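Student: Please take a close look at one part of this model, the interface between the two chains. I would like one connected account.

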Amino acid sequence: RYRRNKMAKVQITYFPFKGRQAAFVLLLEDQQIPYDYVPVEFANWREVKQKGLEDGTLPFGQIPQLKDGDLYLVQSSAIVRHLARKHGLYGKDSVEAAKCDMYEEGITDMRNDAMKLLFADITKAPEEIKKTVIPKHAPYFEAILKRGGTDYLVGD
Amino acid sequence: MAKVVLTYFPLKARLGVIVLLLEDQQIPYEFDPVERAKWPEMKQKGLEDGTLPFGQVPQLKDGDLYLVQSLAILRYLARKHGLYGKDTVDAAKCDMYAEGITDLRNDAMKLFYSDLPKAIEDIKATVFPKHGAYFEGILKRGGTDYLVGNSVTFADYMLVDLLENLTEVAPEILEPFPLLKAYYYLFQSHPILVAYRASGRELPSWYTWKKSQPAS
């Protein structure tokens, strides 16, 4: 804990909802890693986006963004991976790291299928997700957990 | 080192970026093509024994490790062969640009398999102008022949593979982006890649394969 407090805090910039920051905020909170949060008001977003595109701190004109010292990072998966690498949450070796990556892609596939429905019709989406997304993807993760035999997706 | 084994349909598609890395780096590998008629049985077996956890190929076998998901395979090979940037900051940039490339791919491929003529129109009119500008900006700020640092990373293989697929259907999309265009053609002029393309070993793209099919 002493070493962690000596590290400069990372800074997160995003809209004031969970959205694409949820995964790495979950990581930071569960691991008790201190961070600063800078909310972006929707009214200010266009200006923030324009400035970020011009100075390169928002290379794709999107947030969330993580500032870690001089590093400005966007893309939520890239932020998760950076924090994972920094805090020993990427598996114990390259084989486990590969499994982390493999499962992350499968999770993203499931997320994309669910989000497609949510953006198409938010009222119908819960039923559609129950009928199609969960029955398709959940068995994959059930089997992964069954074969792994631990409380985690990868290793112990 | 024992050779890795790649299993996939005999198309570039999701395998292309992996093969591009292996060929450009001259890493030996074996390719085990899947016959379409045998796929349902293979998929079922793979789901049951866990070697195809999501019922999909490509799959990489490296010793006892069975890996699926093309980007997981690509990252594994990148880590193994020093193509993930020189430090954690560069690794983070590789990941960031990989996601941006995936966003471009997703936007471009949205209608690709269902309404190809419309997809090509969208790519030319909106998708590529939007995303191409991001990568032009990245290359301008970076000032090298690579997306990250001063040497090739897996992010470069992702971008070059995608640009190859997109310029095949819409050759002129790079014209408004001089740095991106120069980056792409410089990469494709690697003598190793030129020899590879001339060798006849290259798999067809989905677009090439589709054009060869009888009209449905």
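Tutor: A salt bridge here is a side-chain nitrogen of Lys or Arg within 4 Å of a carboxyl oxygen of Asp or Glu. Arg81(A) forms one with Glu99(B), where the closest N and O atoms are 4.0 Å apart. Between chain A and chain B the count is four salt bridges.

The model is predicted: local features need pLDDT of at least 70 and side-chain atom pairs count only at pLDDT 80 or more, while totals for chains, interfaces and linings use all residues. Residues are numbered from 1 along each chain as its sequence is written, chains are lettered from A and ligands numbered from 1 in the order in which they are written, and side-chain values use heavy atoms, with hydrogens and water left out.

The interface also holds eight residue pairs in polar contact, both residues at pLDDT 80 or more. A polar contact is a pair of N or O atoms within 3.5 Å; within protein, one must be able to donate a hydrogen and the other to accept it, and residues adjacent in sequence count only if both atoms are side-chain atoms.

On the side of chain A that touches chain B, the elements giving two or more residues are α3 (45–55), β4 (71–74), α4 (76–86), α5 (94–120) and α6 (125–148) of chain A. Helices (H or I, at least four residues) and strands (E, at least two) are DSSP runs, numbered from the N terminus. The largest share of this side, eleven residues, comes from α5(A). By class, this side of chain A has 17 nonpolar, eight polar and eight charged residues. Ala, Val, Leu, Ile, Met, Phe, Trp, Tyr, Cys and Pro count as nonpolar, Asp, Glu, Lys and Arg as charged, and the others, Gly among them, as polar.

Taken over both chains, 33 residues of chain A are in contact (heavy atoms within 4.5 Å) with 32 residues of chain B. The area buried between chain A and chain B is about 2,700 Å², and carbon and sulfur atoms give 65% of that area. Buried area is the accessible area (1.4 Å probe) that two parts lose on being put together, summed over both.

As for the chain that carries these elements, chain A has six helices and four strands. Along the sequence, chain A follows the pattern α-β-α-β-α-β-β-α-α-α. The C-alpha trace of chain A spans about 45 × 45 × 25 Å along its principal axes.
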